[in-house]
Amino acid sequence: MKGKLRILKYQAGYPGLNKKLSIEKPRAYKAAIIHIRLTELQEKGMKILKTGKPNSGGTQITFIPVESAEEYKLELKKILSDGKEICAKFERFCKDDDESE
């Protein structure tokens, strides 16, 4: 394995994703987590291993690499499914303005 470097996992902090946001605007908090998951997967090939509890300093998220194309596809499907679930849960916010008239 000479000359190869492999990332096993890393942790990133998101100060904007704090406890106040998770309580006052849960939809925005969950949408932000989904956006982070999708961005990390597409740009770096990483998926979430653990999401820490939100506190006043933000949220810590631990990422690990995706090992195969099949695992990538499964993670992508899971992210999209979670996005649809949030939309269903907060359905009144997801409707078009034309439908509410």
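Two strands count as paired if DSSP finds at least two bridges between them. Helices (H or I, at least four residues) and strands (E, at least two) are DSSP runs, numbered from the N terminus.

This is a predicted model, in which local features need pLDDT of at least 70, side-chain atom pairs count only at pLDDT 80 or more, and totals for chains, interfaces and linings use all residues. Residues are numbered from 1 along each chain as its sequence is written, and side-chain values use heavy atoms, with hydrogens and water left out.

**Fold**

The chain has four helices and three strands. Along the sequence they follow the pattern β-α-α-β-β-α-α. Of the 101 residues, 26% are buried, meaning under 20% relative accessible area; exposed means over 50% and partly exposed lies in between (1.4 Å probe, protein chains only). Contact means heavy atoms within 4.5 Å. Among contacts with a separation of 6 or more, 63% join residues 24 or more positions apart.

**Sheet**

The three strands form an open, antiparallel sheet in the order β1-β3-β2. β1 and β2 are the edge strands, each with a single partner, so one side of each has no neighbour in the sheet. The twist averages 35 degrees from one strand to the next. β1 pairs with β3 over five bridges, in the antiparallel sense. Gln-11 stands opposite Thr-62 in β3.

| Element | Residues |
|---|---|
| β1 | 10-14 |
| β2 | 46-51 |
| β3 | 59-65 |

**Helix α2**

α2 lies across β1, β2 and β3 and runs at about 140 degrees to β2. Axes are lines fitted to C-alpha atoms, for helices over the stretch in contact, and angles run from 0 to 180 degrees between N-to-C directions. Pro-26 is found in α2. Its relative accessibility is 29%, so Pro-26 counts as partly exposed. The C-alpha atoms of Pro-26 and Ile-86 are separated by 9.8 Å, though the two are 60 residues apart along the chain.

**Largest pocket**

A pocket is an open set of points on a 1 Å grid over the protein atoms alone, where a 1.4 Å probe fits, with protein on both sides within 12 Å along at least five of seven lines; lining residues have an atom within 4 Å of a point. The largest one has a volume of about 160 Å³, a volume being the space filled by probe spheres set on the points. Its lining includes Tyr-29, Arg-37, Thr-51 and Asp-82. α2 gives the most, with four residues.
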